[in-house]
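Here is my note on the model below.

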Amino acid sequence: MTTDSNAGHARIDATIASRREMSWAQSVTRTQPFWVAIAILFIGFVMMQVSDVFMTERNMFNVARNFAFFGIMALGMTAVICTAGIDLSVGSLMGLAGIVTGMVMQAGWGIGVGFLACMATAATVGLINGALIAYLRMAPFVVTLGMLAMARSIAMVASNNKMIYEFGPDQDILEWIGGASVLGVPNPIWVLAILTAVFWWAYNYSTWGRWVFAVGGNAQAARLAGIPVERVVVSVYVISSLTAGVAAFMMIGWFGSVTNALGQTYELNVIAASVIGGANLMGGVAYALGAPIGAALMELIRNSLLLAGIDALWQQFFVGLFLIIAVLLEQIRNRGRS
Amino acid sequence: MSVLQLRGVSKSFGAIQALTGVDLTVERGQALGLMGDNGAGKSTLMKIIAGNFAPTSGEIALDGVTVHFGRPIEARRLGVEIVYQDLALCDNLTAAGNVFLGRELKKRLGPIAWLDHAAMNTRAGELFAELKSETRPRDLVRQMSGGQRQAVAIARTRLSDPKIVLMDEPTAAISVRQIKEVLDLIHRLKETGHAVILVSHRMPDVFAVCDRVAVLRRGALVADKPIANSSPEEVTGLITGAIAAA
């Protein structure tokens, strides 16, 4: 491996050329999402043997739709976690964005205005989070925890604590977007698939993605390299909020109603999905594919427990357990490397 | 013409006078060893040249043109590159990713631009080959030895063919074998016509690669002479103050 310092440079060149870099298969098997996907296949295989209901179209349809919402939000969360941040406000933001959408459409506006209002609400919350964290150097945990409380409270005040179930002239379109299927696949799954592709592309081929990873790896080095670190940090919180907005918009379409409790405690599942999917809370590591895979694993566990007849009260226990196991595995693998 | 010229550069932080009237010139293809005890003002001087902060008084000229840097990125654009003591690398990116950090190569089709990984890996590979370094562009920096990390940080400075490369304690925290690698890298920079300023505590390194040695003591320049006319004993005396000036 080492080259004698007196050796000819031609030999060094030959050595470098002959040392194969990691093959595609090697680099894939080193990632956490790969092993979580294996776990999903394993659990799926076991459930097929144990339960007759598991592989039915109806059950698969439900599993898929349930995890899509968490997956969409987990995509945004991977970007935040990649910068060594955290966004606790996504669940509350769903409530706020959902209520705003409901109120706007209830007042007679169309689906376009409703969607814009939803996204504008999300973007505003993300901007406030990001600006406080990037420019005032506040801890992400504190800022987004505060926002968790404030966004939920505003949703309660705005809705006057009432459910909204009338969405004006475009109610059918709203319910179609969130609740219908195209080619037998629920719409939220389509959205998740498209967004996953977009995030995958952005993480691997866009300057923004490269900068997000650089900021998470070494913010000071990124700053010295001329990267606008503050703007990158703001951008990830805005994007996390926007994915929460999209999830809220689709979810109220699916439910056909919205209350200010929409998305309560979802932040836990979303963060867990990102982390199980390989995002490292210390920053610098995240996978676009990890978000849907992590969300799928959690939904699969939930569904399996349900089908196995285990009390639903145990669900959160297993979500938490898998979160801890995922982080533990990550640490063990890192120790082995260094 | 001197590639870098400092004229009467002073810097004070409040009541603390960090640098007093420093005059210094560096020529193309020449390495200057900058020495001094802790707190003598070496880092302050480097940071002024690299654009981290502006001098309180005095001026900096590059190729005879007076310049003012507001931020490090402006110094870089004008041909001043710095290798920081901690190297300022992102461990989670590849060698090529670090070399091109902040100036990524892109391909463009209409409004969409994307990273040109192939071109960046090829170019980074060429830079490592020029440095005779056994570093592979696609490897993660996390998995690299100290010498390879230095090579990445140095390769980055060569991306823009800079006028001058500042190196802050490049041999402070690495093994003996790796120190040789780094000194070879500095020789390579000189051969290709770059000016180098090397800040180091290690006397043997300075005497191995530098053409001139400059000594700072309490913010003032007390010596600036060809390395051939000096000796480690004299430089030690100058650093501690046993010899007043040379």
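1. Two strands pair if DSSP finds at least two bridges between them. Helices (H or I, at least four residues) and strands (E, at least two) are DSSP runs, numbered from the N terminus. The model is predicted: local features need pLDDT of at least 70, side-chain atom pairs count only at pLDDT 80 or more, and totals for chains, interfaces and linings use all residues. Residues are numbered from 1 along each chain as its sequence is written, while chains are lettered from A and ligands numbered from 1 in the order in which they are written.

2. Chain B has an open sheet of six strands, ordered β6-β9-β10-β3-β11-β12, and its pairing is mixed. At the edges stand β6 (80-83) and β12 (220-226) of chain B, each pairing on one side only. Neighbouring strands are turned by 20° against each other on average, direction ignored. Axes here are lines fitted to C-alpha atoms, for helices over the stretch in contact; angles run from 0 to 180 degrees between N-to-C directions.

3. Within that sheet, β3 (residues 31-36) and β10 (residues 195-199) of chain B run parallel, joined by four bridges. V196(B) in β10(B) is the residue opposite A31(B).

4. Two helices of chain B pack on this sheet. Contact means that the C-beta atoms of two residues, placed from the backbone, lie within 7 Å. Helix α1 (residues 42-49) of chain B touches β3, β6, β9 (164-168), β10 and β11 (212-217) of chain B, and its direction makes about 150° with that of β9(B). Helix α6 (residues 176-191) of chain B touches β3, β9 and β10 of chain B, at about 150° to the direction of β10(B).

5. An open sheet of four strands in chain B has the order β2-β1-β4-β5, with antiparallel pairing. Its edge strands are β2 (16-26) and β5 (65-67) of chain B. The twist averages 30° from one strand to the next. Three bridges link β4 (residues 57-62) of chain B to β5(B); A61(B) has T66(B) as its bridge partner in β5(B). Helix α1(B) also lies across β1 (4-13), β2 and β4 of chain B, at about 60° to β2(B).

6. Strand β7 (residues 106-109) of chain B runs antiparallel to β8(B), with four bridges. K106(B) is bridged to L115(B). The two strands form a hairpin with two residues between them, and G110(B) in the turn has a positive phi of about 60°.

7. Which residues touch the most other members of the largest nonpolar core? They are M73(A), L166(B) and L198(B), in a core of 171 residues. Such a core is a set of buried Ala, Val, Leu, Ile, Met, Phe, Trp, Tyr and Cys residues joined through C-beta atoms within 7 Å. Helix α12 (residues 229-255) of chain A gives the largest share, 18 residues. Beyond its neighbours within four places in sequence, L198(B) contacts residues including A31(B), M167(B), I186(B) and V206(B).

8. G125(B) sits in helix α4 (residues 117-130) of chain B. It counts as buried because it has 20 C-beta neighbours inside 10 Å. The cut-offs: 20 or more other C-beta atoms within 10 Å for buried, 12 or fewer for exposed, partly exposed in between, with C-beta atoms placed from the backbone.

9. The contact between the chains takes 27 residues from chain A and 21 residues from chain B. On chain B's side, α2 (72-77) and β8 (112-115) each supply at least two residues.
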